[in-house]
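Good morning. I will take a few minutes on one structure, so please have a look at it before I start.

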Amino acid sequence: MIDADLERELERRFPGAWELYRKTAESRELEVSGTNRGEAWRREEGWAVRWWDGGLRFATGSDRQRLAAAIPLAGKLPGRAEPAPPFPTSGLIPEGGQIPVQPAEPAAAVTAPPDLFAPLTQLVSEKSRGEAVLASLTLRRGRAVEEIRNSAGSRVRMESSQLDGIARALGRRGPRTCERRSVFRWDAEPDLQGVAGRLADGATLPLASRGPTFSRGAWLLDPAVAASFLAALAPLFCADALPLWVKRGEIASRPVTIVDDASADAPWDGEGTPTRRVVLIKDGALVSRLHDLRSAARAGGFSTGHGVRPSYRNPPRPGPRRLFFETAGGVSPRELLAGVARGIFARALTAPVFVDVDADRYEVEFTGVALSGGRASEPVAGARVSGRISELLARITQVATDRQFFPIPYPVGAPTILVERVNFE
Amino acid sequence: MEFDEALVARWLEPFVAGRGDIAEVFAETRRKTIVEWRDAEPGDARVSIEAGVSARQRRGGRERIAFVSGSGEAAIREAVRALQASAKKTVLPSRPAPARADFEPGPSIERWVRRLETILARHAPRHRLRWTHEEISRRVVPFGSAASTSTRRLFSLDGSFTAASRRGDEIRSFSFHAPEADATADELRQALAAAAAARERPIPFGDGIADILFSGATAAVLFHEILSHALEAETGETPLSRLAAARVSVSDLEVRDDPTRLDLFGGYERDDEGTRPRAVKLLDAGRIAGNLTDRAHADGRGSTGHGRRAGPADPPLPRGSNTVVAAGAATSEEMIRRLGNGLWIDEIGSGTVELSSGRFRLAFPRARRVRRGRFADELGAGFLAGEILPTLSAVEPVIGRDVRVCRSLGWCSRGGAVVPVQGEAPEVIVRRLSVRDR
């Protein structure tokens, strides 16, 4: 529980220029493989203070006493001169609201995640026609409470919970093997079918005998592949200075609208600024950027509510919180597929997406299925598409309506996407 | 980290029913200082002081772990209570106690900041670098054996700087990781000076197959990926799994994993299960010679002392530490001549391996083309790719004589768990690796 004494002490030492953050989190994890079973229970506490005393200082501790020990040590370090940004003043903790005292019985507050190893094993086997096996499944259910206070009088408290996991499958054909991981987060009911399909395809398609048999065509991106590309592109929305190719005006084709809106996840960001919907690319034109308090102050504007704290150990930085393609004007994925005369459906990545926003370059390596006359024809073990980001964005001709979210690590949502006139290697 | 070890051992006793069962308490305090440097001026600064404890039980293939933030007897009691509740055993009564800051500040931080200001201003005045200093103290109380304590101080400098090339300025990446020692500052000076040396402007190169001379200790990164990871017990089936004692490479090649090398970033006096580590030969005269094990995966000789945790919230896993390649007899000139035509690579930025298929990939920021045994064009960034067994069998039977430490290799992530690693190696030639331009 944050107490008034600590706030008074911070105000005395750093008048008008401090922010205090505290997080408590509890989680239960179940990892099951063919031969092993692991259970983990974790209760983590973290405190962080950010203050401006000449330059920015940041101190963290795993409890209040360690935080108190870290503050003078951080204060002794030299820093670059920078004024404190204007802090948000809106949030107020509801009457009587404080981070609750820990439950008396350990491991009682968060229920254990379900054991879904057996049903997922069966689904992976079915979808891969026996060529892939589920090697391990880790599920984690967690709950976190965050509290933010600052010298402008804002008091914010947020509670969140989630169920996420990692599954690993092995595909085998003759002497060849392939491993595939799938990271997922379930906001509602467990989507075993979706995870099993991705694992089965990702572990078996690379075992195909050959790559693409044609060098140019349409490129259909599975939602998981499109989401990974969007996540790799995210620095473009937060950079202090825009690269030259972005300054030319429209950076994507008209069907592309990209939004960040974490309203459903949390009412405030990691600095206590209210969450709001920000349209980043509208009908192909870059119309907005994501800011936290510091980047907004540098740009002479206001925070957009995108001060992100990946952990209490890191100071907030500008970043996406729930980034997605808008799909209001989309078509069904079946219609997209039917319209492809010749191309490749990229089902899974075989290497991390490479994006160099400054140099306007990207490279995507994937496995998938060749398409001909609107139908799947044969598996493609591996293919590569590379070139200019600006060209790729300009050649997105349609987006589908089947948007799905993936934790990369924040939620990134994408539908099936069609890109025309792509060169395959 | 003051607590009564005998009392903790008594708490752990009910978790051990038979031979092979493991029960232990692991406690860690960690102080981390980070300063962002920009053009020889310190920028954002942060200090973190953390403590955490976990209690663990392993029986057969079933493992339980309970973690709480904090230190001392009260925190350990909470972790043990959670483990008891999970194992459906009688739960100790709760006795919360206020946390105590038990970390004495070290005097070296401010001295390092002053030194860095001078070193950076002289050798790389235009830069964006992050300096990290970590002091990690760990204590393990295993049931049935003696408790152990270890402390490591780790120094890292990571980022990029602007260097002069023959045709203008260019941004180069820089990574330096070392355990804190008297010689660290001098080593850093030398590493920065070497990284800032003038170069020709790189030219693009095509994709294809090439012979590679791994210079500047980069062979340590290669063997870290394809040998150390592949021989970690518990990795499942890898191309090396069923090849114990089989000859897979030239008889001149000897590679070991040596955590006892405390002068390297991945060294330690005790592993995270309290076991005193020993150097393990991975490849002896070209033959597969051993696995890296923790207590749960030990053979008859016991754990090799490679049970490592990213932190107290994670269970220990068998992980590599320092990949050390033994010296041969060839000079650098002989190695270049032996390469003939190919690529000379003295920096590797990152590496990955998919253990089930054995496919690996190494990213390099620059290379030099070698033609007829002589240096030719400066090349830009690219990838090397290959598979474990074909690569091991393609090692040239001539090894360099000068062994160097690979200070750019510092942290290794497996399944999200990050541990310090390093290595040293002489020059090694590998034939017919796949090369791709970036």
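**Where the two chains meet**

Start at one pair of residues: R37(A) has R62(B), in strand 3 of chain B, as its bridge partner. Keep in mind that this is a predicted model.

Now the whole contact between the chains. On chain B, 42 residues touch chain A, and they meet 42 residues there. Which elements of chain B give two or more residues to this side? They are strand 2 (41-59), strand 3 (62-69), helix 2 (72-86) and helix 3. Strand 2 of chain B contributes the most, twelve residues. By type, the side of chain B that touches chain A has 19 nonpolar, eleven polar and twelve charged residues.

Next, stay within chain B and look at two of its helices. Two packed helices are described by the angle between their axes and the distance between the axes. For helix 3 (residues 108-123) and helix 4 (residues 184-195) of chain B, the angle is about 20 degrees and the axes are 10 Å apart. Angles under 35 degrees count as roughly parallel, so helix 3 and helix 4 of chain B are roughly parallel to each other. Their crossing is right-handed.

Which residues make this contact? Helix 3 of chain B supplies R115(B), I119(B) and H123(B). Facing them from helix 4 of chain B are A185(B), L188(B), R189(B), L192(B) and A193(B). Five residues of this helix contact are nonpolar, one is polar and two are charged.

Note on methods. Residues are numbered from 1 along each chain as its sequence is written. Chains are lettered from A and ligands numbered from 1 in the order in which they are written. This is a predicted model: local features need pLDDT of at least 70, side-chain atom pairs count only at pLDDT 80 or more; totals for chains, interfaces and linings use all residues. Axes are lines fitted to C-alpha atoms, for helices over the stretch in contact, and angles run from 0 to 180 degrees between N-to-C directions. Helices (H or I, at least four residues) and strands (E, at least two) are DSSP runs, numbered from the N terminus. Angles under 35 degrees count as roughly parallel, over 145 as roughly antiparallel, 65 to 115 as roughly perpendicular and the rest as oblique. A crossing is left-handed if the near helix is turned anticlockwise from the far one by less than a right angle, and right-handed if clockwise. Two residues are in contact if their C-beta atoms, placed from the backbone, lie within 7 Å. Ala, Val, Leu, Ile, Met, Phe, Trp, Tyr, Cys and Pro count as nonpolar, Asp, Glu, Lys and Arg as charged, and the others, Gly among them, as polar. Two strands pair if DSSP finds at least two bridges between them.
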